[in-house]
Amino acid sequence: MDQIRVLVAKPGLDGHDRGAKVIARALRDAGMEVIYTGLRQTPEMIVNAALQEDVRVIGLSILSGAHNAIVPRVMELLREKQMTDVAVIVGGIIPDEDARELKKQGVAAVFQPGASLEEIVRSVRSSVKQPA
Amino acid sequence: MTKGPTTLSGLPVQPVYGPEDVAGLNLDETPGEFPYTRGIHRDMYRGRLWTMRQFSGFGTPEETNRRYQYLLAQGQTGLSVAFDLPTLMGYDADQPESLGEVGKCGVSIGSLEDMETLFRGIPLERVTVSMTINSPAAIVWAMYLAVAEQQGVDWRQISGTIQNDILKEYIAQKEYIYPPHSSMRLVTDTIEFATRQVPRFNPISISGYHIREAGSTAVQELAFTLRDGIEYAEWAVARGLPIDTFAGRLSFFFNAHNDFFEEIAKYRAARRMWALIMRDRFGARDERSLKLRFHTQTAGCSLTWQQPYNNVVRTAIQALAAVLGGTQSLHTNSLDEAYALPSEHAATLALRTQQVIAYESGVTAVPDPLGGSFFLERLTAEVEEAANGYIRRIDDMGGMIPAIEAGFPQREIAQASFEYQQAIETGELKIAGVNAFKVENEEPIELLAIDESAAGHQVAKLAALRRRRDSTRVSAALDALRRAAGGTENTMPFILEAVRAYATVGEITAALRDVFGTYTEKSIL
């Protein structure tokens, strides 16, 4: 089975990268190929990186409260570029009602504080869509 | 909270401690006397309580001004300003980078007009203000000084702090804009300006809090913070400022995490280490240079989403550690901060936590009441020794800037944070509500919601400001600033002129960016 390629991204101005980095490392330890974008990425930069790196999953880490502006834009760009076979997983400070809304918009999973690495790794694995 | 038979930092904890564990140590120390292990004052809280300084800010300056008036009325004794991410990163509310971010993590400040609103009705000669701002610190400080000027208050009378600790941004918080050397020049400009013109102000708060929040151990937090302090002192001395003219205004900021005794040991070790560093490394003689003064914040990263009322207990224990460790100033987190900025109710309870400790627990009657404890004295010595080991390693690398460029502190932090998470995953470290004592279907709590209208409000204000102000004066001021930044003059007077002309945070930051360029980090996982 091919190694799953995952992009872990920090969109927006938020520089708190502890969670994103721990998760990136856990995904690597679980046998996935992880590309970490670094900080202060725009939705455009993230989707372009996902395209160039040919990833199956994009993980977005947002703690700043800007998720309702950022995530829909990422989903929109994926549709525009016909990359809807790439799964999107979001983690951070996302209130329950916003999480529900994001899932309605096509986000595969939303992780709030206290989620275990094991749950997240499992979720990334199971979110991989078969190419169209 | 110990991980098995060690402290959270991994220092071994014996089953029992006795006189033999302190036999080799010098315990003949008095509070208020060099090297100040037991506190920087003879009487500590008997003479004066720590400042209850709750970090606060959200939405528009109008809303935040109302919260400040409320907190002051509830007994808070100093103000502490939280800015939003656009302000922290030097962007105006109407710039594309600010989309979705205005007013979310703190108050949106675009220009001097916003600072005037923020401090309306707050007399700056009587209220001290701490501002958590780093890359644009000089700009925001200039706005604060301009407001004081408008209030008719002499700069020699005002007191407060700007965080302005750029080194820890590269290490941990990541709110950098410019490259290290240019950033250090800006910090040194503010230290020089404060030394000459605003002598009661603390132009820097050398911080370990964020280093700890990024996942470091207590030992790393202490070591990297003090080594950053050494770096700032060296730059100020190289600028031509004798050590005793500025060192007394270097202030510090530490975390109060869960391992109760390790945290107290950390604060005691910090004071002893800094006194020795100032005297032996820098030749400082003035008592004020030798005394490490610090603010503490309880650990944000320890707060849980699950069973948020447990956070009240965590915060109380952490706050007690800071008080028993002799902090000068304290912020206690609110129970809902894993979810959102504090609701008014949660913010009030956080303040009450300090007031209960201060007035009901009796711990303020004696300085360093745990001094002489076999365990604590042994632990203080061990934390000091381990931290000194890190400082030596960074010295060997040529200082903190080469260490940062080599990724050393970042790598240590990434490793420590991964190990911490592993300990939670395996259950070695139990966290009530998260991986132990869990509850299904918890009751949701009421949260503060930041109105999206804050962004529109701030954007409209900026548009009106740009129409109203003297744009020739603004351009001239920014040109002059660029010239000064490209040379060796102190940039503060030029930033002040730009601020008085109502240049915006974004415009002034961009002018400096034109000269200094930007910094991109090499990510270390």
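The legends below describe close-up views of a predicted model.

**View 1. The side of chain A that touches chain B.** The contact draws 27 residues from chain A and 29 residues from chain B. On the side of chain A, helix H1 (18-29), helix H3 (67-80) and helix H5 (117-127) are the elements that give two or more residues. H1(A) supplies the largest share of that side, five residues. By class, the residues on the side of chain A that touches chain B are 12 nonpolar, nine polar and six charged.

**View 2. Pro5(B) in the segment before strand S1 (51-52) of chain B.** Pro5(B) belongs to the segment that precedes strand S1 (51-52) of chain B. Is Pro5(B) buried or exposed? Pro5(B) has 9 other C-beta atoms within 10 Å, and a residue counts as exposed if the number is 12 or fewer, so Pro5(B) is exposed. Leaving aside residues up to four places away in sequence, Pro5(B) touches Pro12(B) and Val13(B). Pro15(B) lies 10 residues from Pro5(B) along the chain, and a distance of 8.2 Å separates the C-alpha atoms of the two.

**View 3. The open sheet S1-S9-S8-S7-S6 of chain B.** Five strands of chain B make up this open sheet, in the order S1-S9-S8-S7-S6, with parallel pairing. S1 and S6 of chain B are at the edges; each has a single partner strand, so one side of each has no neighbour in the sheet. Within the sheet, strand S8 (residues 293-298) and strand S9 (residues 329-331) of chain B run parallel and are joined by three bridges. Gln297(B) has His331(B) in S9(B) as its bridge partner.

View 4. Strand S6 (residues 204-207) of chain B is joined by four bridges to strand S7 (residues 250-256) of chain B, and the two run parallel. Opposite Ile206(B) stands Phe252(B) in S7(B). In a regular strand, side chains alternate between the two faces of the sheet. Which residues of S6(B) are buried on each side? Ile204(B) and Ile206(B) are buried on one side, and Ser205(B) and Ser207(B) are buried on the other, which leaves both faces of the strand covered.

**View 5. Strand S4 of chain B between S3(B) and S5(B) pairings.** Strand S4 (residues 129-132) of chain B is joined to strand S3 (residues 79-82) of chain B by four bridges, and the two run parallel. In this pairing Ser80(B) stands opposite Ser130(B) in S4(B). Three bridges join S4(B) to strand S5 (residues 160-162) of chain B, again in parallel. Here Val129(B) has Gly160(B) in S5(B) as its bridge partner. Both faces of S4(B) are covered: Val129(B) and Met131(B) are buried on one side, Ser130(B) and Thr132(B) on the other.

**View 6. The crossing of helices H10 and H14 of chain B.** Two packed helices are described by the angle between their axes and the distance between the axes. The axes of helix H10 (residues 260-282) and helix H14 (residues 374-396) of chain B come within 8 Å and cross at roughly 60°. That angle makes H10(B) oblique to H14(B). The crossing of H10(B) and H14(B) is right-handed. Residues of H10(B) at the contact include Phe261(B), Ile264(B), Arg268(B) and Met273(B), and those of H14(B) include Phe375(B), Leu379(B), Val383(B) and Asn388(B). The contact of H10(B) with H14(B) comprises 10 nonpolar, two polar and five charged residues.

Terms used
Residues are numbered from 1 along each chain as its sequence is written. Chains are lettered from A and ligands numbered from 1 in the order in which they are written. This is a predicted model: local features need pLDDT of at least 70, side-chain atom pairs count only at pLDDT 80 or more; totals for chains, interfaces and linings use all residues. A residue is buried if 20 or more other C-beta atoms lie within 10 Å of its own, exposed if 12 or fewer, and partly exposed in between; C-beta atoms are placed from the backbone. Two residues are in contact if their C-beta atoms, placed from the backbone, lie within 7 Å. Ala, Val, Leu, Ile, Met, Phe, Trp, Tyr, Cys and Pro count as nonpolar, Asp, Glu, Lys and Arg as charged, and the others, Gly among them, as polar. Two strands pair if DSSP finds at least two bridges between them. Axes are lines fitted to C-alpha atoms, for helices over the stretch in contact, and angles run from 0 to 180 degrees between N-to-C directions. Angles under 35 degrees count as roughly parallel, over 145 as roughly antiparallel, 65 to 115 as roughly perpendicular and the rest as oblique. A crossing is left-handed if the near helix is turned anticlockwise from the far one by less than a right angle, and right-handed if clockwise.
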